[in-house]
Amino acid sequence: MTRHARFSQRLLPFGVFFIVLAAWEALVRLGEIPPYILPAPTLVAATLVQDWGTLSASLWATLRTTALALALAVGGGVALAILFAQWRWLERSFFPFAVVLQVTPIIAIAPLLLVYLEPGTAVLVCAFLVAFFPILSNTALGLASADHNLRDLFRLYGASRWQQLRLLRLPSAMPYFLGGLRIAGGLSLIGAIAAEIAAGTAGRGAGLAYRIVEAGYRLNIPRMFAALLLISLAGIAIYLALEAVSRFVLRRWHESRAEPQG
Amino acid sequence: MTDAHPGTPALLSLRNVGKRFANGVTALEGLDLDVRQGEILSLLGPSGCGKSTALRLIAGLAEPDAGTIAWRDGQRPEIGFVFQDATLMPWASVFDNVWLPLRLRGDSREQAAPRIVEALGRVGLGDFQKAYPRELSGGMKMRVSIARALVMRPALLLMDEPFAALDEITRARLNRDLLALQAELGATILFVTHSVYESVYLSSRIVVFSQRPGRVIDTIDVAPPGPRDEAFRVSSFYVETCRAASQALESVMQPATAR
């Protein structure tokens, strides 16, 4: 494929995106649709600029919750997976609880957490709970997936348990962990948003989801769209960031990341 | 090429060794085997005859259920193991892969470096220290695997069908290089294969295994009159020995021809 053709292929989705936006704008203007039913893209953009003070503070709050929850999930999930890998009885005892937490929809747990915890903490715990499981299960799977011949080799050379974990099991688990991390990144945002809606807290530290609920009550549809746009952008940013991390870590050795060999 | 030394005591002796797997399959039964210092001994037999199990028992990766494994010096010496797959760590460079055995013994990068460089030089990969396994061909990966085994200067090198997955040309080249390495280092090599040609080309002695449960049914001494060069591969001695080994192998396959 020529460079020119490759360039235009990369441009294609953007072109389609702008055509859709233009069609949307035209539909609203020509059809004279009132903004409380469907705001035009230009109005959403104007609202975003006009309400930036409020919205950016909420965006920051939601991102902070998401990042903190993800960090806790990574720390907790990896630590627990390592404990599980070292002591199988621990895994048998506790893994069912992790599954129960995973299969129970977070939106159903949130009201209960809101009874016990103050809203900010409850939102954080919700986001943590949904992000935790993919990290735990993927890392546990990865730790158990080390090549059996390599394990024999480590035994042959008298490797200690710690050496086996550090030099064999953790690197083996890395692609699995990174797969879990990318899922968890998206889920922690979803968890934070779901919990914010359930919490419905106003004032300082209110997240984007609360802005949506609030704007909905006031029939401020352009603002709903603006907040929604920010949530989407946040999700995309998280995905791209974790994708970049994954690419960087695996670039030299993993088939999924490396450049094809000639 | 040194011949077997009938006079010297065996480096290791297996007597009446048996091994059953947890699933009830008997892999080995009544296995007697002597490995002499400095020889290349091939274990030749049909697939699943317990050759690999014998190797694992000798390496100490599994315990025999019956019989004894006695070492000349009373304890297991330094052992190198080469698997059928190169079994390299994909996340580590060639250098770091060869470093592994020394690293597990507590040697730092700097301490280990001279021996790593030496081992990689011996297998002809001196220029590939920084490469990653996925950037190498199958034959080169196997060379790294051999360098990793050599870096500990093992008294006994165990090789479990190491070249079985490689193409014919690569295999022939690695066979030749292995002979040169053995002549240089004087290591004892125990080589599992199901290729008659490979076993005749490489070994000073061939031990033919029966089908499972594996035991020794024939021993063939291979003492060619000349060097083991390319001419050896087409010599009448080579052809005759291959025929003898094939016949021994045929005889154990007979009961199972119904399959």
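Trainee: Into which domains is chain B divided? Please look closely at that division and at what lies around it.

Mentor: Happy to. Keep in mind that this is a predicted model. Chain B is divided into domain 1, which covers 10-77 + 155-256, and domain 2, which covers 90-153. Over C-alpha atoms, the centres of domain 1 of chain B and domain 2 of chain B are 26 Å apart. Where they meet, 8 residues of domain 1 of chain B are in contact with 5 residues of domain 2 of chain B. On the domain 1 side of that meeting place, helix H5 (residues 168-185) of chain B gives the most, with 3 residues. Sorted by class, this side of domain 1 of chain B has 7 nonpolar residues, 1 polar residue and no charged residues.

Now let's step back to the chain as a whole. Chain B has 7 helices and 9 strands. Its radius of gyration is 18 Å, close to the 18 Å that the globule rule gives for 259 residues, so chain B is as compact as a globular protein of that length. Taken along the principal axes, the C-alpha atoms of chain B fill a box of roughly 55 × 45 × 40 Å. Of the 259 residues of chain B, 42% count as buried. If you take the contacts in chain B with a separation of 6 or more, 74% of them are made by residues 24 or more positions apart.

To follow one of its members, select Leu190(B): leaving aside residues up to four places away in sequence, Leu190(B) touches Val35(B), Leu41(B), Leu43(B), Leu55(B), Ile58(B), Leu156(B) and Leu158(B).

Phe81(B) takes us to strand S5 (residues 79-82) of chain B, which is covered on both faces. Ile79(B) and Phe81(B) are buried on one side, and Gly80(B) and Val82(B) are buried on the other. In a regular strand, side chains alternate between the two faces of the sheet. S5(B) pairs with strand S6 (residues 156-160) of chain B in the parallel sense, over 4 bridges. Within S6(B), Leu156(B) is the bridge partner of Ile79(B), and Leu156(B) is also one of the residues that Leu190(B) touches.

Just after H2(B), Gly106(B) takes a positive phi of about 100°.

Finally, chain B has a neighbour: 20 residues of chain A are in contact with 16 residues of chain B. On the chain A side, helix H7 (148-156) and helix H8 (161-199) of chain A each supply at least two residues, and H7(A) provides the largest share, 7 residues. That side of chain A divides into 10 nonpolar, 5 polar and 5 charged residues.

Notes:
Residues are numbered from 1 along each chain as its sequence is written. Chains are lettered from A and ligands numbered from 1 in the order in which they are written. This is a predicted model: local features need pLDDT of at least 70, side-chain atom pairs count only at pLDDT 80 or more; totals for chains, interfaces and linings use all residues. The radius of gyration is taken over C-alpha atoms; the globule rule is 2.2 Å times the number of residues to the power 0.38. A residue is buried if 20 or more other C-beta atoms lie within 10 Å of its own, exposed if 12 or fewer, and partly exposed in between; C-beta atoms are placed from the backbone. Two residues are in contact if their C-beta atoms, placed from the backbone, lie within 7 Å. Domain bounds come from an automatic or database domain assignment. Ala, Val, Leu, Ile, Met, Phe, Trp, Tyr, Cys and Pro count as nonpolar, Asp, Glu, Lys and Arg as charged, and the others, Gly among them, as polar. Two strands pair if DSSP finds at least two bridges between them.
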